[in-house]
Amino acid sequence: MAEQAQMSLFPPRTVEDLVEDIDKLTKEIQALYCLDEIPWILGYSGGKDSTATLQLVWNAIAELPLSKRTKTIYVITTDTLVENPIVAGWVRKSIENMKVAAMEQKMPFDPHLLQPDIKHTYWVGLIGKGYPAPRIKFRWCTGRLKIEPSNRFIRNVVRTNGEAILILGTRKAESSKRAATMKKLEEKRVRDRLSPNAHLPNSLVYSPIEDWRNDEVWIYLNQWSNPWGQSNKDLFVMYRESTADNECPLVVDTSTPSCGSSRFGCWVCTLVDSDKSLTAMIQNDEEKEWLQPLVDIRLELDIENDRQHRDFRRIWGDVQLFERNIEGQTSVEPIPGPYTKEWREHLLKRILEAQNLVRKTAPSNMGDITLISLDELSEIRRIWLEEKHEFDDSLPKIYEEVTGEVFQDPRPGAGNQLWGSDEWEVLHEICNPDTMHLELMSKLIGTEYQYHTKSRRIGVYDALEKCFESSSRSQEQAIENAHYKRDLKTAAKDGDVYAIKQLKNRDMKPLGTEGDVAAVKQLSWGTMKYPTLDNDDDDDVEN
């Protein structure tokens with residue numbers, strides 16, 4: 001179906017027509033390269049489109065005399081650290097081959113393997129901060145893992161040179177949405193296939209294969225040898241094995257359907273229904289069964305209703321309400337927040353177990369595979385200790401329990417806190433079964449310790465006040481308070497004075513009996529430092 005739609009959008013061309021187009025593009029690339037000193041940045045993912053684009057540019061520049069190969073062409077690829085391991089290994093090998101070939105052939109290509117900042121990696125967000133597995137409405141991963149590393153590199157080049165040209169393997173045949181976007185940008189073009197970058201100023205986007213179909217990409221890759229020594233035949237096999245039916249016919253002419261619909265991405269991705277490429281690889285090749293633990297973890301992350309594993313408050317401590325439609329009835333409920341401590345620890349254990357297993361079962365060339373790095377583990381530990389104030393410091397214990405090795409934290413001074421698991425157990429026994437009381441006390445202790453190490457303690461009262469605001473109420477009281485604020489805001493918006501008075505009167509009434517600490521109005525640091533005497537206190541003074 002997709003192939004038929006592609007054929008209707010792009011009339012079939014003969015191989016001779018494709019060869020003529022390649023010759024035309026070669027001259028166009030050479031002319032554009034020699035036109036000015038604006039640096040080029042070529043986006044490479046290791047897939048068929050970016051490989052064809054890089055190969056096309058490489059071959060075109062190779063035909064220029066050495067005296068004209070003066071402008072650097074940066075080749076950038078982003079490793080999200082959760083890429084399909086087979087593809088990630090392929091890309092790393094390709095980058096290494098490019099560096100060697102560029103030196104040997106005296107080519108101006110400068111390959112760079114980019115990675116997200118440690119504080120923005122997938123596992124630091126999911127296990128460290130507790131972000132839920134990404135969804136369409138909360139797609140927190142793409143910007144942090146893919147877009148920001150490449151944009152940062154492009155901005156640095158633009159900052160140094162004033163402008164840059166970004167070369168991409170985008171094609172209109174990829175999807176109708178992509179075709180519409182590219183069509184819209186064509187209206188602002190400065191010349192053929194050179195469009196303004198909609199997101200980065202002072203940069204243009206050059207898309208040489210924008211009008212190619214899937215089959216034409218494969219013809220080019222299979223009939224023209226790879227100039228940096230990577231095997232395009234192996235790339236073809238990788239695509240074939242990632243197809244559910246293990247079929248990817250050899251493209252010999254434009255009438256042969258291709259296997260270009262395969263897509264590689266992050267093996268943890270929960271934005272799609274299932275990771276078809278990884279599952280197909282296991283299904284089509286018994287030697288890739290070692291990847292099964294990754295599929296199992298992804299399935300565990302892709303829980304439709306994960307409320308039991310998430311806090312009832314947002315990550316900053318507030319209860320936010322939203323309207324849900326349940327069987328035709330409107331229900332106002334709290335928006336689930338980050339993962340709970342127990343679930344984050346469970347996920348950490350699962351990923352370490354999977355890493356141990358794949359290292360034992362993977363082929364020798366993949367034996368050093370890393371699913372979660374020591375730097376990521378160190379950052380997760382820091383977040384648990386300093387931001388979430390979980391001073392039981394459970395990460396080293398989980399690591400040693402799963403791997404049998406002592407956790408060597410690369411962060412200087414890590415783990416030098418005064419409190420540890422023994423004190424946590426004592427505090428847990430004192431507060432049990434009130435989990436909110438345990439959370440409040442751990443936050444207060446952690447906050448006080450952070451300010452204790454500072455030369456100036458400005459802001460300590462405000463920080464302690466925030467601990468009370470987020471953790472001093474039980475779950476039921478916090479949700480009831482959120483409903484009260486929502487009702488009061490609605491009444492004020494509607495100008496309903498009577499409803500406002502009713503709500504305020506209800507708020508003034510005592511909510512519990514004498515001795516019920518939970519029912520007493522929440523104290524602030526001001527009222528604690530300067531308490532107001534009630535009538536009983538006055539009587540005691542007089543007596």
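Select D21 to begin this walk through a predicted model: with a relative accessibility of 16%, which is under 20%, D21 counts as buried. Its side chain meets that of R13 in a salt bridge, at 3.5 Å from N to O, and this is one of 36 salt bridges in the count.

Next, select R213 and D215, whose side chains form a salt bridge of 3.1 Å, N to O, and both of these residues are buried.

Moving along, show helix α8 (residues 214–223) together with helix α9 (residues 232–241), which pack with their axes 8 Å apart and at an angle of about 140°, so that the two are oblique to each other. The contact is made by W218, L221 and N222 from α8, and by N232, K233, L235, F236 and Y239 from α9; by class, these residues are 5 nonpolar, 2 polar and 1 charged.

Then select K341 and D392, where a salt bridge spans 2.8 Å from N to O. Because K341 lies in helix α12 (residues 341–361) and D392 in the loop between α13 (374–387) and α14 (394–403), the pair ties together parts 51 residues apart in sequence. Both K341 and D392 are buried. Salt bridges with shared partners also join K129, E379, R382, E386, E387 and R411 into one network.

Finally, go to helix α18 (residues 475–494), whose 20 residues reach 29 Å from the first C-alpha to the last, close to the 28 Å expected. Its buried residues are A478, I479, A482, Y484 and A491, and just after the helix α18, G495 takes a positive phi of about 70°.

Methods. Residues numbered from 1 in each chain as written. Predicted model: local features only at pLDDT ≥ 70, side-chain atom pairs only at ≥ 80, totals over all residues. Heavy atoms only, no water. Helix = DSSP H or I, 4+ residues; strand = E, 2+ residues; numbered from the N terminus. Expected span 1.5 Å × (residues − 1). Buried < 20%, exposed > 50% of the residue type's maximum accessible area, 1.4 Å probe, protein only. Axes fitted to C-alpha atoms, helices over the stretch in contact; angles between N-to-C directions. Parallel < 35°, antiparallel > 145°, perpendicular 65-115°, else oblique. Contact = heavy atoms within 4.5 Å. Nonpolar A, V, L, I, M, F, W, Y, C, P; charged D, E, K, R; others polar. Salt bridge = Lys/Arg side-chain N within 4 Å of Asp/Glu carboxyl O.
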